[in-house]
Amino acid sequence: MASANATTNPGDQTMTDGMHMVVQTMLKNGMDKLYGVIGIPVTDVARIAQGKGIRYIGLRHESDAGNAAAAAGFITGKPGIYLTVSAPGFLNGIIPLKEATENGWPVIMMSGSSSRELIDMGEGDYEGMDQYNYAKQFAKAAYRVDKIEDIPLAFARAIRAASSGRPGGVYIDLPGDMLGQTMPQAEADQLIYAVNDPAPAVIPSESSVEAAMKLLASAKKPLIYLGKGAAYAQADDEIKQFVESVGAPYLAMSMAKGLLPDDHPQNAASDRGATMREADVVVMLGARLNWMLGFGKGKQWNPDVKFIQVDIDPQEIDNSRYIAAPVVGDIKSTVKLFNEYLAAHPFKADPAWMQGIVEKSEASNAKFATRVNSTEVPMTHYNALGAIKKVTDANHDVYITNEGANALDICRDIVDMYLPRHRLDCGTWGVMGVGLPYAIGAAVTTGKPVISIHGDSAFGFDGMEVETVCRYNLPVTVVVLNNGGVYRGDFENLGNDGDPSPLTLSAKGHYEKIMEAFGGQAYYATTPEEVEKYVAEGVASKKPTMVCCELSIHSGKESGHISYLNPQPVTGPLAGGNEMEDLNATGQIG
Ligand code: ADP
C-alpha cells in the first residue's frame, strides 16, 4: 500500500487524491446526484463531482440540502447524499440527518471537517469542531475517514447502514487534510467497489406468519393500517393483493397515501375514527404505534383490539403496548408470504363491516364536499385546497410536498393521492422546513411536476429555496396558503406594546414576488378559480411557478389537529380552536 501522504510520484504513475476518490466511489455505487452547500474544505469535491458527471444541486441552506437528499432516499429506496462544510454547515446539516433517521429514510451526509490533530488538541482551528463525535448521537451510524485508503470502506459501511433494516441517516466525516491525501490511481482503482446487496431481505419466521394469519382469520372487524414503511418497501403489488383478497377496510398514514389510490373502495379514511374504535384485529404494515396513532391505546382504539405488527425492526414490537402477533420481516417478503398463506387458507372479511363504513363515508364526504367546493372569499384552507385537488385529480403523477399545521392537515384530508411515494410531508416529527427541499429532491429525482404546498409560517423556514428551484429550472409549483400567521392571523397581542402577536405574520404579503425575483412564473390568487387556473398552469408548464393564495385570517385552527399537545395555561385557554374550521372529515392525525 502506498503512503497516504505520498510526496513522490515515482516514474509516470498517475496519482489521485481524497476528493477524486470520494467521487469515484460515489459513481461506482450508482450515486449520480449530490445535494449540498459548498465552502472550505469541500468546494472541490462538488466541482470534481460535477466534472465527472454527478448532478450537483447546490441549495441555500444545509438543512435543505439534507432534506432534498432524504426525499430522494424515500422515493428511490437508495440513500440520497449531501455535502456540507465544517462546524456551522455541519450543524445545520445534522437536523435533516436526524429527521431522516426518525422517518426511517436512507440518507448519507458528508461533511468536511478540520484536521483531527487540531481538534484533538483544541488548538482553535477555523470552524473547528469534533463533528464526528457530535454526529454519532444524531445518526444511525457515523464514520470518520482518516486515511484516503478507507474512503471506499466508509462508503460501503454508510450505504449498508443507511439502507438495511430500518433505514436512517449516516454521517461520513471528511477531514480536509484527508481529502488532500494522495495515492496512485491504479491502487485506488483496486480499492473502490460497489456494495453488494446493501439492504438484504429479512424473511419472517414461518410460525410468525402463521400466527398472524390465524389471528386475522379470527377477526370480526379487521383493519389494515398502511404506514410510510409500507410505501418505502416498494411492495405495491403484494400489498394491493393482500388488501383486496382480505376485503377489509384499510387506512393509510399520510405518506402511505397513494399506495392504493385514495378512491379505492376499501379506503376507510372518511370514517377513520369509528373504524379505529371498532376494529378488533389491526394489521400494521410499516406504521409505528407512536404519537400519531395514540400509541395504540386509549379512546382512539377498541379496548379489546389485537395488533398484528409487521416491521423490519424487532425493537419496534411492543414499543408502546402489547402486540399479539409480531412479524419481524421486510414488508415485501412478509406480505408475499401472507398472500401465499391466504391462497392456501382463504379468509375474507365480513362484507357487512366494509359496507357499513362505505355508507358512513358517503354521508361524511357529502358534508365535506360543500366546504371543499365552496366559492366563498376570502378563501379558507378548504376551498383553496379543493381547487388544488381539481388539478391533482387530473394529473395523478404529480408529487405533493406539504408542510404547515392546517395547510398540512387539511391538504392530507382533501388532496387525494393515486400513486405510491408521491406525497412527502412533515413526517414522524411533524417538522417544518421540509416542503421545498423535498420538492427539489422529488423533482430532481423523478423529473415529474411537483406541487409544494405550504402554510405561510412553514414557508418561512425554506422559502429561499425558490431561488434553487429557478436556478435549476425545476418543475415545481410552490403554493403558499396565506392566512396571515402561525395557525391563523387573527390572534391579538395580550399586552399593550403595539407589536404583532407572537402568532401574527403578514396577511397581505405577496410571497409570490420571491419567485418573480428569480425569473419564475408568479401569481396572486384570491378565488378558488384563480388557484385552480394558476396551479394547473404551473403543473402543465413544468416551469418554476408560485401561487400565493390569500386566505381569510380566520381560517385555521390553533396547532391544527394536534392542539391537545399544548399545555393549558392556568388562566384557561388563551385561544384554542376556531369554530369556522373545526370540520374535519377524517379526524386523521398521521
Ligand atoms: P407512519 O409515520 O406512516 O406511521 P412510521 O415511520 O411510523 O410510519 O413507521 C414505519 C415503520 O416501517 C418503521 O417502524 C420501520 O422500521 C418500518 N419499515 C421501514 N421499511 C420497512 C420494510 N422494508 N419492511 C418492513 N418494515 C419497514
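## Close-up views

**View 1. The crossing of helices α3 and α18 is right-handed.** The model shown here and in the views below is predicted. The α18 helix spans residues 435-446. It packs against α3 at an angle of about 50 degrees, and the two axes lie 7 Å apart. This angle makes α3 oblique to α18.

**View 2. Helix α3 also packs against helix α4.** In this pair, α3 covers residues 62-76 and α4 covers residues 87-103. The angle between the helices is about 30 degrees, with a distance of 7 Å between their axes. Angles under 35 degrees count as roughly parallel, so α3 is roughly parallel to α4. The crossing of α3 and α4 is right-handed.

**View 3. A shell of 21 residues surrounds the ligand.** The closest are Arg166, Lys228, Arg288, Asp311 and Ile331. By class, the shell divides into 7 nonpolar, 7 polar and 7 charged residues. Helix α11, residues 228-232, gives the largest share of the shell. That share is 3 residues.

View 4. On its own, the ligand has 580 Å² of accessible area, and the protein covers 95% of it.

**View 5. The peptide bond from Ile40 to Pro41 is cis.** Its omega is near 5 degrees. Pro41 sits in the loop that links β2 (33-36) with α2 (43-51).

**View 6. Val377 and Pro378 are joined by a cis peptide bond.** Here omega is about -5 degrees. The loop holding Pro378 runs between α15 (351-372) and α16 (381-393).

**View 7. Phe295 has a positive phi.** The value is near 60 degrees, in a residue other than glycine. Phe295 belongs to the loop between strands β11 (281-285) and β12 (306-311).

Notes:
Residues are numbered from 1 along each chain as its sequence is written. This is a predicted model: local features need pLDDT of at least 70, side-chain atom pairs count only at pLDDT 80 or more; totals for chains, interfaces and linings use all residues. Side-chain values use heavy atoms; hydrogens and water are left out. A residue is near a molecule or strand if one of its heavy atoms lies within 4 Å of it. Accessible areas come from the Shrake-Rupley method with a 1.4 Å probe; for residues, only the protein chains shown count as cover. Helices (H or I, at least four residues) and strands (E, at least two) are DSSP runs, numbered from the N terminus. Ala, Val, Leu, Ile, Met, Phe, Trp, Tyr, Cys and Pro count as nonpolar, Asp, Glu, Lys and Arg as charged, and the others, Gly among them, as polar. Axes are lines fitted to C-alpha atoms, for helices over the stretch in contact, and angles run from 0 to 180 degrees between N-to-C directions. Angles under 35 degrees count as roughly parallel, over 145 as roughly antiparallel, 65 to 115 as roughly perpendicular and the rest as oblique. A crossing is left-handed if the near helix is turned anticlockwise from the far one by less than a right angle, and right-handed if clockwise.
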